[in-house]
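Welcome! Take a moment to look it over before reading on.

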Protein chains: 2
Amino acid sequence: MTGLSIQMTDDKRDAVVKIEAELLKGARAYFEANGFTEVVVPHITRATGSCENMDTLFGLDFFGRQAYLRQTGQLYLESFVPRLGRVYCVGPSFRAEPTVDDRHLTEFTLVEIELPYDLNELMGHIEGTIFSMIQYILKNKQKEMEILGIDKRKLQDISIPFKKITYEDAINHLGLKWGSDLKSKDEHELMENFGNKPLFVTHYPREIKFFNMRKNRKKPEVVNSTDLLLPHAGESVGSAEREHEHDELITRLKESYMFKQLEKKGGTLEDFSWYLDVLKKGSIPHAGCGFGLNRITQFILGTSDIRHSTAFPQNMESLI
Amino acid sequence: MTGLSIQMTDDKRDAVVKIEAELLKGARAYFEANGFTEVVVPHITRATGSCENMDTLFGLDFFGRQAYLRQTGQLYLESFVPRLGRVYCVGPSFRAEPTVDDRHLTEFTLVEIELPYDLNELMGHIEGTIFSMIQYILKNKQKEMEILGIDKRKLQDISIPFKKITYEDAINHLGLKWGSDLKSKDEHELMENFGNKPLFVTHYPREIKFFNMRKNRKKPEVVNSTDLLLPHAGESVGSAEREHEHDELITRLKESYMFKQLEKKGGTLEDFSWYLDVLKKGSIPHAGCGFGLNRITQFILGTSDIRHSTAFPQNMESLI
């Protein structure tokens, strides 16, 4: 097939497509078995479809109004947690990544869940989902694993629960300063030093994360968040408890970097009004995460190049 | 919840969300049981993401290039049929609908399948998919049917195969001229006159349909296509055999209304080159369709207003 930035033989590309499909099947099977309801969320949105960094939003003209392509369905999903409990969505996340490299695509499949309660409950579901995905591959995609030269034992060796370290321990281990973001090479170093297995890094500094991640009540300089790192792929799942208290959330939103970016683009607090109204009405403690499907596929394939992880890898150069 | 154009009580909206999720589950269960592979297709595309009418494409600036939000994944899916056989995708279809009414949304979930062989084979899978969706609702969503006042017997009465009439018979019945498109009121009249059950209308005139619908070899003024009409919703599934012969397809593309629109936007045949290359390499007879999920939900709910069919109905006025 032409028009793609990466050349691959047909049999390998077909095998990747089947692996990708099976991972989705494994995730959905877990969600169905555990009472999650799928919610269809919007993809052309206002600011509430943004993740963190408004600079990588694709903008478009929506009948004379400024709209964006959503990066996340998180806030939309969250609005259903108080009544439906566990919810999920699957769909494209759009990022205007201005560089062509092996780590970024301009769109990728994001699998998101939101649920009542706390980070511990959530981490159990993240492990459960990833484990289910791996079991589906091991059970049903043996031929494809052979075609792609996937080390089966490496996958068989994965067990739950996954190892957990705090952000503080991670930066001490890496010799970094408090407040540093973990870069790709840092993630790879952690992977190597912690047995090349899935690893949760928990409790990041408040200021480097999304505005509605819930502050730790004992240690308010960190949020109750965790990123799951996977071998070859690095950060593959981002997650946190959400701030569900209305007034606290407004304070956090206003002090966030995201809000400053929004104001520069001519936005105001009104852009978040529908979401703030949900909280005003009364929300409940809840938490959620986004699984980057391509990163998980990278981990399964054992490749550091995200362009090998899907049928139509799209970036700045390869639009078809 | 605020920010939506339609006011609905929370318990009704929650029930709609659960119905929508269950319909997706019923469709996917059918696809899995029948050997369909899910393929992740792109959403920011060039012209090959367009359905028919390039006037309703949302455009966006993709790093200085003109891109569009896809209306269909059809051509991308088709490229996998020669090797993977039956394939499917589920995702948002974007339409820049400049009117606010009860029939159109600016984005809706489109479930698409492509498979080897012909229209008869395809119609069997369309019936099978819709029937599976109905059975999932009847079996698992009794509480939600009660909340929404859905007539259970109406759904229990649906059996397969569905009734089929030709376009020619349909226009004769309606007193329309050859070449007329069926309007919403025509569809409703057909529904009423054919027992308020799902109805296939087959073999539409070539000139009113998508360029790659395969010409009937005995009657070249029609294509081997069918639309499935559903009570309350009207046209809910559009489908056809695809032209898989390279030279014939180029002729058809060049004579199409779509191509004239593309040229007006500055496009050329080159926009279709990756797809034409797939056919050049050698394709096989195949057919496919798109299920408009919201229309199927409308049919289940018994509502003529599409804005009641999903959690976040988006149109020109209700962007959140």
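The points below go from the pair of chains to local details.

Please keep in mind that this is a predicted model. Chain A can be laid on chain B by a turn of 180 degrees and a shift of 0.0 Å along the axis, with an RMSD of 0.0 Å. The two copies are thus related as by a two-fold rotation axis.

**How the two chains meet**

- In chain A, the C-alpha nearest the axis belongs to A:Leu60, and the distance between them is 2.7 Å.
- Both copies use the same surface, since 100% of the contact residues of chain A recur in chain B.
- The contact takes in 49 residues from chain A and 49 residues from chain B.
- Helix 1 of chain A, residues 10-33, gives the largest share of the side of chain A that touches chain B, with seven residues.
- By class, that side of chain A is made up of 27 nonpolar, twelve polar and ten charged residues.

- Chain B has an open sheet of three strands, in the order 2-4-3 and with antiparallel pairing.
- Strand 2 (44-45) and strand 3 (59-62) of chain B are the edge strands, and each pairs on one side only.
- Strand 3 of chain B pairs with strand 4 (residues 65-69) of chain B in the antiparallel sense, over four bridges.
- To find one of the residue pairs yourself, look for B:Leu60, whose bridge partner in strand 4 of chain B is B:Ala67.

**Two helices side by side in chain A**

- Two packed helices are described by the angle between their axes and the distance between the axes.
- Helix 9 (residues 246-255) and helix 11 (residues 273-282) of chain A pack at an angle of about 150 degrees, and their axes are 9 Å apart.
- Angles over 145 degrees count as roughly antiparallel, and helix 9 of chain A and helix 11 of chain A are therefore roughly antiparallel to each other.
- On the helix 9 side, A:His246, A:Leu249 and A:Ile250 meet A:Leu276, A:Leu279 and A:Lys280 in helix 11 of chain A.
- This contact of helix 9 with helix 11 in chain A has four nonpolar, one polar and one charged residues.

**Backbone details to look for**

- Most residues other than glycine have a negative phi, and most peptide bonds are trans.
- A cis peptide bond joins A:Ile160 and A:Pro161, with omega at about 0 degrees. A:Pro161 sits in the loop between helix 6 (152-156) and strand 7 (163-166) of chain A.
- In chain B, a cis peptide bond joins B:Ile160 and B:Pro161, again with omega at about 0 degrees. Look for B:Pro161 in the loop between helix 6 (152-156) and strand 7 (163-166) of chain B.
- A:Phe63 is not a glycine, yet its phi is positive, at about 50 degrees. The loop that holds A:Phe63 runs between strand 3 (59-62) and strand 4 (65-69) of chain A. With 14 other C-beta atoms within 10 Å, A:Phe63 is partly exposed.
- B:Tyr117 is not a glycine either, and its phi is positive, at about 85 degrees. You will find B:Tyr117 in the loop between strand 6 (107-116) and helix 4 (119-140) of chain B. B:Tyr117 has 15 other C-beta atoms within 10 Å and is partly exposed.

Methods:
Residues are numbered from 1 along each chain as its sequence is written. Chains are lettered from A and ligands numbered from 1 in the order in which they are written. This is a predicted model: local features need pLDDT of at least 70, side-chain atom pairs count only at pLDDT 80 or more; totals for chains, interfaces and linings use all residues. Copies are superposed by least squares on the C-alpha atoms of residues with pLDDT of at least 70 in both. Two residues are in contact if their C-beta atoms, placed from the backbone, lie within 7 Å. Ala, Val, Leu, Ile, Met, Phe, Trp, Tyr, Cys and Pro count as nonpolar, Asp, Glu, Lys and Arg as charged, and the others, Gly among them, as polar. Two strands pair if DSSP finds at least two bridges between them. A residue is buried if 20 or more other C-beta atoms lie within 10 Å of its own, exposed if 12 or fewer, and partly exposed in between; C-beta atoms are placed from the backbone. Axes are lines fitted to C-alpha atoms, for helices over the stretch in contact, and angles run from 0 to 180 degrees between N-to-C directions. Angles under 35 degrees count as roughly parallel, over 145 as roughly antiparallel, 65 to 115 as roughly perpendicular and the rest as oblique.
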